[in-house]
Amino acid sequence: MNAIEKQLYAKPRSNVYIYIISAILIGLIIGSVFVIDFESMGNSGWTIAKNILLGIVTPDLDLLLNFTTQGVMYLLLETIAIAFLGTIIGVLLAIPLAFLSASNVVPKPISWITRLLLIVIRTIPSLVYGLMLIRVTGPGPFAGVLTIAIVSIGMLAKLFVDAIEDLDTSIFESMTSIGCTTFEKIRFGIIPQLTAMFLSIGIYRFDMNLREASILGLVGAGGIGAPLIFAMNSYRWNEVGSILIGLVILILIVEIWSNNMRNKLVRG
Amino acid sequence: MFDKIFPPEKIVLPNGKTVLEKRSRTPLLFIIVLLGTFLSIRFTNFDFNVLVKRGHEFFVIINDMIPPKWDYFPSIWQPLLDTIMMSILGSTLGSLVSIPVAYLAATNMIKNKVVVMVARLFLSILRTMPTLVSALIATFIFGLGTLAGTVAIFLFTLAYVGKLLYEQIENASLDAFEAMESIGMTRVQAFRYAIFPQVLPNYLSTSLFCFEGNVRYAAILGYVGAGGIGLLLNEGLGWRDYASVGMVLLMLAITVFLIETVSEYFRKKLI
């Protein structure tokens with residue numbers, strides 16, 4: 001037995017643990033196959049799939065390049081507006097909540113309660129908020145804005161808290177020692193440390209909100225989702241194609257822009 | 001461009017040297033954001049008065065949800081299990097299929113640029129498609145039920161894990177790979193024994209993370225008829241039976257929390 005083999009056998013063995021985990025996993029996967037009902041797939045499935053593909057390949061160009069209120073361009077603009085305003089309101093609401101749940105700013109009990117609140121806000125799916133807020137404002141893009149705002153609070157606040165807890169506190173001590181007032185400490189000590197991070201988080205969330213906003217139309221909260229579902233339900237696959245193409249291109253552009261901006265912000 | 005319109009400020013230092021200080025871009029950014037906000041308000045008919053007048057309606061609904069209707073629990077059990085099983089199957093299949101696709105999309109594995117481009121475009125389009133939309137399309141093809149939801153989750157997982165995996169493959173060290181190729185292994189064999197072990201922990205961790213997210217997504221897929229607990233949410237909200245909705249949301253929150261805790265534990269062990 002040479003040195004390499006010795007080293008190989010010296011490795012701690014945890015076979016029982018690995019077998020148990022693997023058995024549980026395989027059991028779950030096999031079990032999940034039985035839950036899925038394969039019966040529901042009708043014979044018409046393939047024809048519909050073919051029609052959808054044909055529709056996407058031959059989109060309705062009139063609709064795609066139409067600038068009236070019915071056209072894809074206008075709907076995309078409305079979706080962007082919903083996501084943008086929603087993100088701005090979400091950021092404004094999330095900043096105080098983030099400071100309230102940062103353990104180096106407020107006492108422990110308060111930070112725990114705020115964190116619990118944030119977890120609850122985060123787990124409720126966005127469509128549920130959408131349906132609830134439609135009762136408040138009536139259907140339309142306004143409900144979408146409020147939904148996006150509330151949905152973004154959870155994640156924004158969580159990421160903001162991480163940034164706040166990473167604050168370099170030695171700066172405050174040195175500022176105190178040279179006689180800065182509290183306002184000056186916030187202006188020159190805290191804000192410069194946080195803006196880049198906060199902006200980058202906000203842009204990232206805007207990117208995600210655009211996707212959210214595009215599906216909120218399904219519940220009637222404005223944006224491009226409603227025309228999409230109407231077109232699908234009436235089997236107008238050319239329209240579906242043009243809406244989907246517009247949506248995918250928009251999301252790709254925003255994603256590339258957001259990645260570039262965030263890279264710039266992080267590198268300073 | 002910006003520096004030409006607002007030339008940088010010249011500061012003369014005490015020792016006679018001049019330095020240029022670039023003008024701050026903050027006011028410009030501020031104006032752009034303000035303008036965007038104003039335009040968005042016009043576009044979306046945002047009205048603060050409505051919010052003040054009718055804002056309490058939202059809390060009326062939340063009040064109705066508390067306390068949740070406890071007897072509703074038995075009828076939640078089956079859809080909740082369906083939701084989890086849909087996510088498990090969709091995530092497993094998606095992450096398995098993502099391996100060959102990621103292999104095709106990695107520039108250091110495939111030298112043919114066309115193949116790489118096609119594979120990447122495929123992943124990008126799948127990734128930008130919102131899950132709910134692909135679920136909706138899937139219900140037309142596969143009929144209403146859990147199969148459509150599983151397909152939607154499968155597609156999203158494939159795109160998400162595939163993208164992260166091909167980035168990891170490109171960052172992996174090629175030393176062992178080249179050594180194995182030089183002793184006569186095919187590229188696929190060398191990938192299996194040299195690259196795959198390197199990316200395996202990260203790949204498993206990404207798949208687990210994706211599974212966590214999928215449980216949340218799967219919860220709303222029922223809204224378009226793709227099976228799972230979303231159907232109950234839709235019914236409850238439609239009939240204004242908010243106590244049942246509260247119960248569904250409570251169960252959902254507990255499930256998501258448990259799955260996140262377990263998955264976080266294993267992800268910490270993997271990396």
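The legends below go with several close-up views of a predicted model. Residues are numbered from 1 along each chain as its sequence is written, while chains are lettered from A and ligands numbered from 1 in the order in which they are written. In this predicted model, local features need pLDDT of at least 70 and side-chain atom pairs count only at pLDDT 80 or more, whereas totals for chains, interfaces and linings use all residues.

**View 1. Confidence along chain A.** The mean pLDDT of chain A is 83, on the predictor's per-residue confidence scale from 0 to 100. A score of at least 70 is reached by 94% of the residues. Helices (H or I, at least four residues) and strands (E, at least two) are DSSP runs, numbered from the N terminus.

**View 2. Where chain A meets chain B.** Each side has its share here: 50 residues come from chain A and 50 residues from chain B. Residues are in contact if their C-beta atoms, placed from the backbone, lie within 7 Å. On the chain A side, helix α7 (residues 126–137) gives the most, with eight residues. That side has 36 nonpolar, 10 polar and four charged residues. For this count, Ala, Val, Leu, Ile, Met, Phe, Trp, Tyr, Cys and Pro are nonpolar, Asp, Glu, Lys and Arg are charged, and the others, Gly among them, are polar.

View 3. Look for strand β1 (residues 9–12) and strand β2 (residues 18–21) of chain B, which pair in the antiparallel sense over four bridges; pairing requires at least two DSSP bridges between the strands. B:Glu9 has B:Glu21 of β2(B) as its bridge partner. Five residues lie between the two strands of this hairpin, and in the turn B:Gly16 has a positive phi of about 95°.

View 4. An automatic or database domain assignment divides chain B into domain 1 (2–65) and domain 2 (70–270). The largest nonpolar core has 134 residues, and B:Ala152 and B:Leu221 touch the most other members. Such a core is a set of buried Ala, Val, Leu, Ile, Met, Phe, Trp, Tyr and Cys residues joined through C-beta atoms within 7 Å. Helix α8 (residues 146–171) of chain B is its main contributor, giving 15 residues. Both domains of chain B give residues to this core, so it lies between them. Leaving aside neighbours within four places in sequence, the contacts of B:Leu221 include B:Leu132, B:Ala135 and B:Ala152.

**View 5. B:Leu104 and its contacts.** B:Leu104 belongs to helix α5 (residues 73–105) of chain B. Its 19 C-beta neighbours inside 10 Å make B:Leu104 partly exposed; 20 or more other C-beta atoms within 10 Å would count as buried, 12 or fewer as exposed, and in between as partly exposed, with C-beta atoms placed from the backbone. Beyond four places in sequence, B:Leu104 is in contact with B:Ile110, B:Val115 and B:Ala119. The C-alpha atoms of B:Leu104 and B:Ala119 are separated by 6.3 Å, with the residues 15 apart along the chain.

**View 6. Two loop residues with positive phi.** Most residues other than glycine have a negative phi. A:Tyr235, not a glycine, has a positive phi of about 60°. A:Tyr235 sits in the loop between α11 (225–233) and α12 (237–267) of chain A. B:Arg240 has a positive phi near 55° and is found in the loop between α11 (230–238) and α12 (242–270) of chain B. A:Tyr235 is partly exposed, with 13 C-beta neighbours inside 10 Å, and B:Arg240 is exposed, with 10 other C-beta atoms within 10 Å.

Methods: Contact = placed C-beta atoms within 7 Å.
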